[in-house]
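Okay, thanks for coming, everyone.

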Amino acid sequence: MREDLIHYIWKNGKIPFVNLYTSRRKALQIISLGIHNYDSGPDFFHAQLEIDGQLWVGNVEIHVKSSDWYAHQHNLDTNYDNVILHVVWEEDKVVYRKNREEIPALELKNFIPGSVLTNYYKLFKSSKDNFINCENDLNSIDNFKFSSWLERLYFERLEEKSNEINKLLIEAKNDWEKVLFILLLKNFGLKLNSEAFLSLGRALEFGIVRKLMPNVFQLESVLFGLAGLLDNVSSKDKVLNQMKVEYFYLRDKFRIKEEGVQSPSFFRLRPANFPTIRLSQLANLYVNRPQLFGAIMTIKEISQAYEIFNISTSNYWKNHYVFGKLSTKRENKLTRNFINLLLINTILPMIFCFSKWQGIDVSLRIISIINTLKREDNKIIRKFNNLGVNCSNAMDSQAILQLYNTYCTKNRCLECVVGDSLLKGK
């Protein structure tokens, strides 16, 4: 028996509300189950019960065995003084308050229908080779119910990303443009260089970026120099040497600190994703879109995003991938697939978080945009697809990633609509 099942049973009222009695055979009537507490302290607050004809209002604590009360040292914690009912699977020890009054116990094993336990054990008895616990029964879930769950999961994912944004906002002293710059840098670095580019964004004062916006060469020089891409490079390349001189001048002028900035990697990257290319594209984005934050916050259709991010590199990088080495001439524009990733990982979370900060609900606007984006393609999405899950757009793929990473891999099945439906036998 696991404690999460007992939580589930109590929270969802999966017990008969008639003919209940405590372990001391006193009549028990549940008036209110209480409010689930996700923080420290008793599991449910403000429950209302009638025990042996007397009304009680207080908290409920849940354990597998009643002796867990002492194992967890609740007897020493004043937060548990107002517990009026101890809900356990098995009472193996009588529990007392500090004043030596016995805390009534409800022993659930006497009241739970066998079907609930059967479905529970079936759900968690999956083979170690299974991708997820419910993979054999996932198709049995009502489509409307599952689709609604995916939408909730997508906004849960946005909330988590908002928490990250709010932390950056505190660091940036409520400068939303600075936060956007940091997040764009992080996502321009993709998976391999995200941390390196993030460290670069944190180190560079956005006020300096504002001052350099009219001059793409200066902005590139600072980005390349601070990222360490001008270090230890001996070359007769004219642009490289000019950038070195410019960076040293601007570093001293603006007192730019290099500590803590990680050097990006070129290893196993396609040339189009080299840090040199991505930093040049970002510099050109800010030079060509000086009011970038305002433009992004007003995006209502995907076409507007494609227009804003219709950006290429500087001329030098149209026939170079690295300093001093010519390559075939090309445009080096941001692709639509890359812009889609920016929309998913940066732009929509920023719109959601900023609008929430303003007290504006943009849920429908965000859904209309995310539903027009193609789904992501990765191993997790493909495995869910093989299980019959229809993933038709980016909202579905983001929701499935949230489902897998937050619920499936952590065995939080009882908090999932799928697990709840299977436990109910629906």
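Let's start in β6, where the bridge partner of K65 is E90. The two strands involved, β5 and β6 (residues 83–90), run parallel and are joined by six bridges. When I say that strands pair, I mean DSSP finds at least two bridges between them. Strands here are DSSP runs of E with at least two residues, helices are runs of H or I with at least four residues, and both are numbered from the N terminus.

A quick word on what we're looking at: this is a predicted model, so to speak of a local feature I need pLDDT of at least 70, and side-chain atom pairs count only at pLDDT 80 or more, while totals for chains, interfaces and linings use all residues. Residues are numbered from 1 along each chain as its sequence is written, and side-chain values use heavy atoms, with hydrogens and water left out.

Back to the strands. On to β4, residues 44–51, which is joined to β5, residues 54–65, by six bridges, and these two run antiparallel. The hairpin of β4 and β5 has two residues between the strands, and in it D52 takes a positive phi near 55°.

What else pairs with β4? Strand β2, residues 27–32, is joined to β4 by four bridges, antiparallel, and there Q29 stands opposite E50. Then there's β3, residues 35–36, which pairs with β4 over two bridges, again in the antiparallel sense. In that pairing, look for I35 opposite F45.

Now, the aromatics. How many aromatic pairs does a search of the whole structure find? It finds 26. For a pair, the rings of Phe, Tyr or Trp (the six-membered ring for Trp) need centres within 6.5 Å; planes under 30 degrees apart count as stacked, over 60 as edge-to-face, and the rest as tilted. Take F131 and F384: they're edge-to-face, 5.3 Å centre to centre, with 80° between the planes. F131 lies in the loop between α3 (114–124) and α4 (143–171), and F384 in helix α15 (residues 379–386), so this pair ties together parts that are 253 residues apart in sequence. Both F131 and F384 are buried, and by buried I mean under 20% relative accessible area, with exposed being over 50% and partly exposed in between, using a 1.4 Å probe and protein chains only.

Another one is F224 with F323: the ring centres are 5.7 Å apart and the planes are at 80°, so that's edge-to-face too. It links distant parts of the chain, with F224 in helix α8 (residues 216–226) and F323 in the loop between β8 and β9 (325–326), 99 residues apart. F224 is at 0% relative accessibility, so it counts as buried. F323 counts as buried because its value is 12%. There's also a cluster, where ring pairs link W176, F293, F354 and W357.

Two arginines are worth a click as well. The charged end of R278 sits over the ring of F338, 3.9 Å from the ring centre, and that of R412 sits over the ring of Y407, 4.5 Å from its centre. "Over a ring" takes NZ of Lys or CZ of Arg within 6 Å of the ring centre and within 35 degrees of the ring normal.

Last up, a couple of serines. Leaving aside neighbours within four places in sequence, S199 is in contact with G260, V261 and Q262, contact being heavy atoms within 4.5 Å.

And S312 sits in the loop between α12 (302–308) and β8 (320–322). A polar atom of the S312 side chain lies 2.3 Å from the backbone oxygen of E331.

Conventions:
Polar contact = N/O pair within 3.5 Å; in protein donor to acceptor, adjacent residues only side chain to side chain.
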